[in-house]
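Here is a short briefing on how two protein chains meet. Have a look at the structure first, then read on for the details.

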Amino acid sequence: MNVLLWAAVVIIGGAGSVIRFLVDGAVAASTRREFPFGTLAINVSGALILGFVTGLALGHDQALLAGTAAVGSYTTFSTWMFESERLGEEHQLGKVAANVLVSLVLGVAAAALGKLIGAHL
Amino acid sequence: MPPDPAGDAAGAAVAGVTTGGDGSAGQTRTWRAFPRIDRQEIAAVFAGGALGTLARTALAEAFPHPPTAWPWPTFTVNLVACFLLGYFVTRLLERLPLSSYRRPLLGTGLCGGLSTFSTMQVEILGMIGAHDWGLAAGYAAASITAGYAAIYLATAMVRRVRVRA
């Protein structure tokens, strides 16, 4: 564990968050419906990429940077829950259930698919 | 976070913005907002995300765990991030004067970088792979239930503090 590695974690973490911010804005702008498609797209695509990284079976440092730092910062659990809770406040229980279940099911499926692809490379 | 004695002039100014709606208008707007590239906003997201990611990565490194053990590092950062996000965003939208960079810094950046969805999914996949279905279901259910509750609780805490007109 060295200073350079942690410096890279910081920079990659910042960059991953900025990418999430931009993707969320772009998806939200193109889907004019009151459903958090931006976060869904980010989280499912992130799960696919992290599954892929996991499947590659990289060394410790590479996995830390590509997985934990990059993809980990790109995806978000807190915004997913925040948007679900706000939909709940509006009594849109169908959308709450859809947002929670679709993210979870597609997330695990995407991670499995990514891992499969990564392991066969 | 700047200190905010509830009920100062700034708080009162915000009241006019939020009491008319149900608080959801801001959220809806956010989903629809066209991404405008604002350097200060991007810098704020970057700074918050860097800090959140550093904290999450440090915790993950400090407490490694086998795939069939409860992922405490991920579980903990996700819940802390939910509580903080509920607190920050509710305060910023309903209690504090409009600010262009606090939500990107604290919400999108810090909480987004601190929490992670992808690691949780890969952890669940690992539990399923180990045929530990109970752990997988329990971890998913506990994360979602506690995460939702943390947002709800933080939001309620902020709203308990009245905005003085």
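A salt bridge here is a side-chain nitrogen of Lys or Arg within 4 Å of a carboxyl oxygen of Asp or Glu. By that rule, chain B and chain A share one salt bridge. Please keep in mind that this is a predicted model.

**Charged and polar links**
- The salt bridge joins the side chains of R159(B) and E89(A), at 3.2 Å from N to O.
- Between chain B and chain A there are 18 residue pairs in polar contact, with both residues at pLDDT 80 or more.

**The chain B side**
- Elements of chain B that each give two or more residues to the side touching chain A are α2 (25-32), α3 (39-62), α4 (72-94), α5 (102-114), α6 (118-129) and α7 (133-160).
- Of these, α3(B) provides the largest share, with 13 residues.
- Sorted by class, this side of chain B holds 28 nonpolar, 22 polar and seven charged residues.

**Extent of the interface**
- Chain B brings 57 residues to the contact, and chain A brings 60 residues.
- About 4700 Å² is buried between chain B and chain A, and carbon and sulfur atoms give 72% of that area.

**A closer look at E85(A)**
- You will find E85(A) in helix α4 (residues 78-89) of chain A.
- Is E85(A) buried or exposed? E85(A) counts as buried because its relative accessibility is 2%, and the cut-off for buried is under 20%.

Key
Residues are numbered from 1 along each chain as its sequence is written. Chains are lettered from A and ligands numbered from 1 in the order in which they are written. This is a predicted model: local features need pLDDT of at least 70, side-chain atom pairs count only at pLDDT 80 or more; totals for chains, interfaces and linings use all residues. Side-chain values use heavy atoms; hydrogens and water are left out. Contact means heavy atoms within 4.5 Å. Buried area is the accessible area (1.4 Å probe) that two parts lose on being put together, summed over both. A polar contact is a pair of N or O atoms within 3.5 Å; within protein, one must be able to donate a hydrogen and the other to accept it, and residues adjacent in sequence count only if both atoms are side-chain atoms. Helices (H or I, at least four residues) and strands (E, at least two) are DSSP runs, numbered from the N terminus. Ala, Val, Leu, Ile, Met, Phe, Trp, Tyr, Cys and Pro count as nonpolar, Asp, Glu, Lys and Arg as charged, and the others, Gly among them, as polar. Buried means under 20% relative accessible area, exposed over 50%, partly exposed in between (1.4 Å probe, protein chains only).
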